[in-house]
Amino acid sequence: MKSFFTGIVILAVVLSSCRQSDAPFDTERLDEYFEAISPRYMGSVAISINGETVYTHCSGMSDIDAGTPITGHSGFLIGSISKTFTSAMVFMAIDEGLLSLDDNLAEFYPEAGIMNADKITINNFLYHKSGIHDIFEGTGDYLEWYTTPQTRDRLIQRIADAGADTIPGAVQQYCNSGYVLLSFILEDVFGCSYAELLNDKITGPLGLAETSLSDGIDTEKGECRSYVYNNGWQPDAETDPSVPMGAGAIMSNPADLITFGNALFHNQLGDSILSRMSRIDGSLGRGLFPFVYYGKSGLGHTGGIDGFQSALCHFDDGDITIAICSNGINFNQNDILIAILDAIHGKEYEIPDLKYVSVDPAILESYTGDYFNDTLNLGISITTDGRSLTAQATRQSAFSLDATSDSVFECIKAGVVISFKDGNLLLHQSGQTFTFVK
């Protein structure tokens, strides 16, 4: 199953027992870190402290075929960070008397046939508690239409046809469909397109010249193509921007995200908008969620769409704002975020060694097949193209493996190590080892 404009809750959690330090921010060492991961990471980073940008870094290509390097002005799809923009505009609409958190979906689309529409509120959508099925999670026929333009009516019908998973307000279940509907509701109450609204309410006033609702990737404008790693970078398919709308179709870059983040987290977007967005219910706020680092609490959002991944987070302690955008990543973005925070706070962190070995094709072939763990009720299929291995767990996306020895392989992006012993597959993840029988 392929994952699209997701907003996975990534917490930069580090044990408080780790060494503390008052060393200054060593930007040269952080440069070394990004150089070390550059074989598996293409993207751009910006860091702001006390409202001033103190660090930027770019690596990789925005367009590999054209040989165009990423710069500080390159554009990236930011995936679910778009939801933070959408949520802010919902509260702007509320402050202008155009919406209420208690308004229900049936007031806007009474004939759409969306299950429980008369019970689903704007607040439910913001908190991912609407109960409606997320049609964008990569299941069903999604892979057959996500790259083609969709009309508003067609998307609403698709959402209605998908039904509901739970009753409104009962369960917090991340749902892109809800934020797509919020995009349409915003268009209705403001009487303009989402793209115009974004410009009128946020990007224009803040001077975000390189942030907009995407109308398709245009490399001539410096916008990045996205890539997945499979024995080298391969172009990924492009989700049509009419599909995710305000749930995942905004184009931006770290510099603009820093400006937006500083405005949001310094209460420059409107009275009490931040306090209402950051009010946590369950594990999520409204368009924001918590980050934790050494006991320090932060807020922000992550995003992923096609081969793009991104993160925007802010810590009041130290007035730190971090923005990461990548168009190709075969590395763990959470590890990057932790390394950045370690660097800012003068803590020790490792420079990764991504030197891998070549394994004889005959040995690779001997590992192929299907493996199963009864306790987890999970299967893993191993395939090879003669140069490397690919793993795919039941109902999950395939991922490539890099060899650290003839029998040990890793996927840093997933935080997984797989080894082979006595004909079995050993899965090592999060400090645990699980045996899969061939």
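# Getting to know this predicted model

User: Is Leu 99 buried or exposed?

Analyst: Leu 99 belongs to the loop between α2 (82-95) and α3 (122-126). Its relative accessible area is 7%. Buried means under 20%, so Leu 99 is buried.

User: How far apart are the C-alpha atoms of Leu 99 and Ile 185?

Analyst: Ile 185 is among the residues that Leu 99 contacts. Along the chain, Leu 99 and Ile 185 are 86 residues apart, and the separation of their C-alpha atoms is 9.2 Å.

User: Which residue with a positive phi follows α8?

Analyst: Most residues other than glycine have a negative phi. After α8 comes a residue whose phi is positive, near 60°, and that residue is Asn 267.

User: What do the buried residues of α10 pack against?

Analyst: Helix α10 has 12 residues, numbered 333-344, and reaches 17 Å from its first C-alpha to its last. It is mostly covered, with 11 of its 12 residues buried, including Ile 336, Leu 337 and Ile 340. Those buried residues pack against α1 (27-37), β1 (41-49), β10 (289-293), β11 (296-305), β12 (308-315) and β13 (320-329).

User: Now for aromatic rings. What is the angle between the planes of Phe 136 and Tyr 142?

Analyst: A search of the whole structure gives 16 aromatic pairs. Phe 136 and Tyr 142 make one of them, an edge-to-face pair at 6.0 Å centre to centre, with an angle between the planes of 90°. Phe 136 is buried at 1% relative accessible area, and Tyr 142 is buried at 0%.

User: Why does the pair of Tyr 367 and Phe 420 count as stacked?

Analyst: The ring centres of Tyr 367 and Phe 420 are 4.1 Å apart. Planes under 30 degrees apart count as stacked. The planes here are at 10°, so the pair is stacked.

User: Which parts does that pair, Tyr 367 and Phe 420, tie together?

Analyst: Tyr 367 is buried at 13% relative accessibility, and Phe 420 is buried at 10%. The pair ties together parts that are 53 residues apart in sequence, because Tyr 367 lies in helix α11 (residues 361-367) and Phe 420 in strand β19 (residues 416-421).

User: Over which ring does the charged end of Arg 29 sit?

Analyst: Tyr 33, Phe 34, Tyr 41 and Tyr 349 form one aromatic cluster. The charged end of Arg 29 sits 5.0 Å from a ring centre, over the ring of Tyr 349.

User: And how far is Lys 83 from the centre of the ring of Tyr 179?

Analyst: Lys 83 lies over the face of Tyr 179, and its distance from the ring centre is 5.9 Å.

User: Which are the edge strands of the open sheet of eight strands?

Analyst: The order of this open sheet is β14-β15-β16-β17-β18-β19-β20-β21, with antiparallel pairing. The strands that pair on one side only are the edge strands, β14 (369-373) and β21 (432-436).

User: What is the bridge partner of Ala 391 in β17?

Analyst: Strands β16 (residues 389-393) and β17 (residues 399-403) run antiparallel and are joined by three bridges. In β17, the bridge partner of Ala 391 is Phe 399.

User: One last stop, at Asp 319 and Asp 422. Is Asp 422 buried or exposed?

Analyst: Asp 319, in the loop between β12 and β13, has a positive phi of about 50° and is buried at 14% relative accessible area. Asp 422, in the loop between β19 and β20 (424-429), has a positive phi near 55°. With a relative accessible area of 71%, Asp 422 is exposed.

Definitions and conventions: Residues numbered from 1 in each chain as written. Predicted model: local features only at pLDDT ≥ 70, side-chain atom pairs only at ≥ 80, totals over all residues. Heavy atoms only, no water. Helix = DSSP H or I, 4+ residues; strand = E, 2+ residues; numbered from the N terminus. Phe/Tyr/Trp six-rings, centres within 6.5 Å; stacked < 30°, edge-to-face > 60°. Buried < 20%, exposed > 50% of the residue type's maximum accessible area, 1.4 Å probe, protein only. Lys NZ or Arg CZ within 6 Å of the ring centre and 35° of its normal. Pairing = 2+ DSSP bridges. Expected span 1.5 Å × (residues − 1). Contact = heavy atoms within 4.5 Å. Lists of a residue's contacts leave out its neighbours within four places in sequence.
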